[in-house]
Structure formats: structure tokens, C-alpha cells
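Let's take a walk through a protein model together. Please open the sequence and the 3D view, and keep both beside you as you read.

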Amino acid sequence: MTKQMNFKDLEVWFVTGAQLLYGGDAVAKVDAHSNEMVEGLNESGKLPVGVVYKGTVNSAIEIADVFRAATNEQKCVGVITWMHTFSPAKMWIHGLKDYKKPLLHLHTQFNRQIPWGEIDMDFMNLNQSAHGDREFGHIVSRMRKNRKVVAGHWSDPDVQERIAVWMRVAAAWADAQGMRIIRFGDQMNNVAVTDGDKVEAELRLGYHVDYFPVGDLAAYQDNVTEADIDDMTAAYEKEYAIAGSCRKGGACYSQVREAAREEVALRRFLKDKNAKAFTTNFDALHGLNQLPGLACQRLMAEGYGFGAEGDWKTAALCRTFWYMSQGLPGGCSFLEDYTCHFDGGKSAILQAHMLEVCPLIAGGQPRLDVFPLGIGGKAAPARLIFTAHQGTGVAATIVDMGNRFRMIVNDVEVIAQPAPMPRLPVASALWIPQPNLETGAAAWILAGGTHHTAFSYALTAEYMEDYADIAGIELLCINKDTTIGGFKRELRYNDLYYMLNRALEA
Ligand code: MN
């Protein structure tokens, strides 16, 4: 097993399909090849989850047994299948029927090349995945089951990268099943795009959304001691550049201590409730001194998903982004489309929020400062101020279209700010939505996308495609190839597809 694995407690199972037609020698060879391949995959250093070879399956009973075991094994986040020889696919029906975890079909072969001089009928019968993988693929398609198909030699780094992407998504999918999201207060009144059907979300996406009055969080503050606050502010001093007024004796020092009190309380609350994500609402802060900005920023960096103004869907997605990108370079954050900058080919959107941007995307050391906030009617909140570093990334959202969830993904390029913004006291990122602002933003708006997104430098649209496939939700990708005409057609076709799909399900 490699040292690079980021999900040590999880497993992906590898199941080889064959049949007994070719005799005992063939079975032994299939098994030896499979072992060698799994070992090679694990030693590649490319895979974030360990692969466990679960043997060759030669009958419907063996297939049903291995999928049932995969379903019941908590550590198993997905199954990779590969047909070494031919595996008549009716044998797979019962096993696949009840299997609900992620599935990856690896269309590969033990040998890289055809041994032209030696190949005979025995060799061809033993190494016939070109044949067997088509038979298997048919039944999965016939059963309308989503899966990822990766084709190529198993030792090829590109193939391993594609498996690695799926593994991370499968791990994050497992993490999301039963994930508890806590909302302090409700959705911001009258806001449509961030709201949605929480029952359908639990059915479809697996996570559970709970409400707590913010007063419950306020009560947690009573148990935060001055020593807890000292520890917290000491951590701030270590990690950030602290504005003069926020240091001991400064005019805003007491506000920093109040922010620290909120952070200690919030972290304890989330731990006690076993939550992985949370939302706040600037309009529901009874019993709190200030909008918890600094706390949200720091908790995001620890892996808690966050959504502002009650946005539980983005909170869940932010957690999923953080979880699946563990160990990869480049951070992730909750962000919001705020202000446009029109400048020809460099037209861009300034991403920020009132306060809550994750410092994992910072281009340099964040500055901790305190400024008044115009809304919410509370005292001036502490926040980390920084500019996101340059680089390509992906922004995504999930919206509720009434009859389905729709994931919208946009490739973005974070660029340097043309000039400093000395009077803007929040963290920000400036990005060009691909293919450019005119098409990227128009497509996003046509798709009904949110102003809130989950953003990551480490992830790509391929992760989102795997996620949407596993979840069985609609996916719309906006990228360098997007045209408005084509995108509108896709929207119309998808509407029809989901309408028919629902009618068929009913
Ligand atoms: Mn917002």
C-alpha cells in the first residue's frame, strides 16, 4: 500500500469477472493476473484509497454475494469491476440490482500489447476483456445504472488518475451519506435559489439537514472561559497578521475576543451534535455579539462545510469539496458572485462574501481585522482579509428545479487583481468564468445557478461528473467549449429528459 493514501480507513473493492468455461488453469491465471494488477495499482502512488482484490467471480451466486458484502462493509466506498475473460452478463443482474454504492468499470487488460509471435487461441480466450467488458457494459446500460467507465491499460498513469478521481468522489459520497448539516436560523427571507426540498435532498443526496435556534449556540458561549479565549487568540497571533487595533490594548481587541468566544462555542456545538456542515444567517444572531465571520472562515479550513444565509445545499457541497480534495494541492472555499469587472477578454467577477471566505485559498498570510458590518445590527465582526492566489479551478452549485436537483459547474480562472482594494475589508477572489464572462455568466444564469458556490483549485469538472452520476442528478458543465446556443439546447433536452424520466418512474 502506498504512503500517499488520504483515506486510510476506506477501501475500494476490485472484482474480476470470468467464467469456468476455460478450465482450472485459466481461473488460476485470471486470479494471478488480478492480484498483480491490484498490487500494481496500490503501489502506483496515484490512488488515494486502497484497492482490495475480492477474487474472481464465476457465477451469479458469487456475484450476488460479493456485491452484498460490498454493500454491508462500511469501509467499502465502491467497487471496480473488470472482465478478464467472458462473463455472461445475465449472471450480474441480481448482484447489480441491489447494489447502490459507486461502481467503476475498468476496461483494461493484463498484458499491454498483443504478443504477435506467440498469440494463439488459448491466449486470446484468456485475455478477452475487449469482448467480456462489452458484454458486462451492456447489462449495466440495460439496467440504466450510472457508473464510470475507464478504458486503458491499468498501469497507465492517466488511467490511474481517472480512477483516483472517482475514488475521491466515492469517498466523499460515503462521507455525505448521513452527513448532518446544522442550520442556525432559517433561509434568508424571500431568497429562492439557495432553498430547496430537504426531504428530497436526503433521499437523493444522502445528507440530513437540521435546524437549531441560534439561542442554543449563544448558550454555549456561557461555558467558554477566558482561558479558552486566550488560547484561541494565541492561535490567531501565530497564524495571521493581526491589525494594530486588534492587538491587546487596541480599540478592537475586545471584538476579537468576542469572535474567539463564538468560535470556541461554535466548534464545540458542531462537535457535540456530530455535524459536518452548518449555515448561519446574518439576520438571526440573537445572543451573539457579532456575525461569526472569523469562526466560519477557520471552521471551513478544518473541513466543516459552510453556507451563508441558511444555504444548506452549498454548505453540504463545500464539505464534499473539502473532503474529496484532502491531500491535494490547492484549497477550497464557499464563495459568492459579488461584483462584475467589464474589461474585454479580462472581464471578471469579484468573488467574496460579507466575511466568510476560507483561508485555504489565500495567496498570502491573511490579515485579521475588525470592521463594522452594515447589515444585521450587531457589533463589528472580526474577519480574515486576503486575496485568493491565481490559478484554475472549478465552481459548482446545486439548485432545486422542482422536479430534480441540478448541478451546475463552471471552470474558472482566478486572476490577479488589476489594482489593490484598500477599502474593501473582506477576503476575495477575482475570476474569469470560462469560456469568458459573457458566455460563462449568461449560461450560469440561464441554468438558474446560485450566487453562492463551492469553489476548489484542486478539483475539476471530472469530479463533478462522477459525483452527479453517483447521485443521479442533472449535470451542466460550462467550460471553454460552451456556446449559448448549444447550452440552451442542452437545457431544453434535459427538461424533456427529466420530465419523461419522472413519468417513467411514476
Ligand atoms: Mn450570501
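## Before we start

A cavity is a set of points, on a 1 Å grid over the protein atoms alone, where a 1.4 Å probe fits but cannot get out; a pocket is an open set with protein on both sides within 12 Å along at least five of seven lines; and lining residues have an atom within 4 Å of a point. Grid points are joined across faces, edges and corners, and a volume is the space filled by probe spheres set on the points.

This is a predicted model, in which local features need pLDDT of at least 70 and side-chain atom pairs count only at pLDDT 80 or more, while totals for chains, interfaces and linings use all residues. Residues are numbered from 1 along each chain as its sequence is written, and side-chain values use heavy atoms, with hydrogens and water left out.

Searching the whole structure turns up four cavities of 30 Å³ or more. Strand 11 gives the most, with three residues. By class, this lining has eight nonpolar, two polar and no charged residues; Ala, Val, Leu, Ile, Met, Phe, Trp, Tyr, Cys and Pro count as nonpolar, Asp, Glu, Lys and Arg as charged, and the others, Gly among them, as polar.

The second largest cavity contains about 50 Å³ of space. Around it you will find Thr233, Tyr236, Glu237, Ile242, Cys246, Arg247, Tyr253, Val256 and Leu368. Helix 9 (226–239) and helix 10 each give two or more residues to this lining, and helix 9 gives the most, with three. Here the classes are six nonpolar, one polar and two charged.

The chain is assigned domain 1 (11–176) and domain 2 (180–505), with bounds that come from an automatic or database domain assignment. Their C-alpha centres lie 37 Å apart. Between them, 15 residues of domain 1 are in contact with 20 residues of domain 2 (contact means heavy atoms within 4.5 Å).

Now look for the largest pocket, with a volume of about 1200 Å³. Of its 43 lining residues, Asn146, Arg204, Asp469, Ala471 and Gly472 are the closest to its centre. Helix 6 (157–176), helix 7 (198–205), helix 14 (461–471), strand 19 (474–478) and helix 15 (484–505) each give two or more residues to this lining. The classes are 16 nonpolar, eight polar and 19 charged.

## A parallel sheet

Strands of a sheet pair through backbone hydrogen bonds, either parallel or antiparallel. In this model, four strands make an open sheet in the order 7-6-9-10, with parallel pairing (two strands pair if DSSP finds at least two bridges between them). Strand 7 (208–212) and strand 10 (305–307) are at the edges with a single partner strand each, so one side of each has no neighbour in the sheet. From one strand to the next, the twist averages 20 degrees.

Which residue of strand 9 stands opposite Ile181? That residue is Ala277. Strand 6 (residues 180–184) and strand 9 (residues 277–279) are joined by three bridges. Helix 12 (residues 312–324) lies across strand 6, strand 7, strand 9 and strand 10, at about 155 degrees to strand 10; axes are lines fitted to C-alpha atoms, for helices over the stretch in contact, and angles run from 0 to 180 degrees between N-to-C directions.

## A mixed sheet

Another open sheet has three strands in the order 8-13-14, with mixed pairing. Strand 8 (241–242) and strand 14 (382–385) are its edges, each with a single partner strand, so one side of each is left without a neighbour in the sheet. Strand 13 (residues 367–370) pairs with strand 14 in the antiparallel sense over four bridges, and Val370 has Ala382 as its bridge partner.

## Two backbone details

The peptide bond from Gln434 to Pro435 is cis, with omega near 5 degrees. Pro435 sits in the loop between strand 17 (428–433) and helix 13 (437–446).
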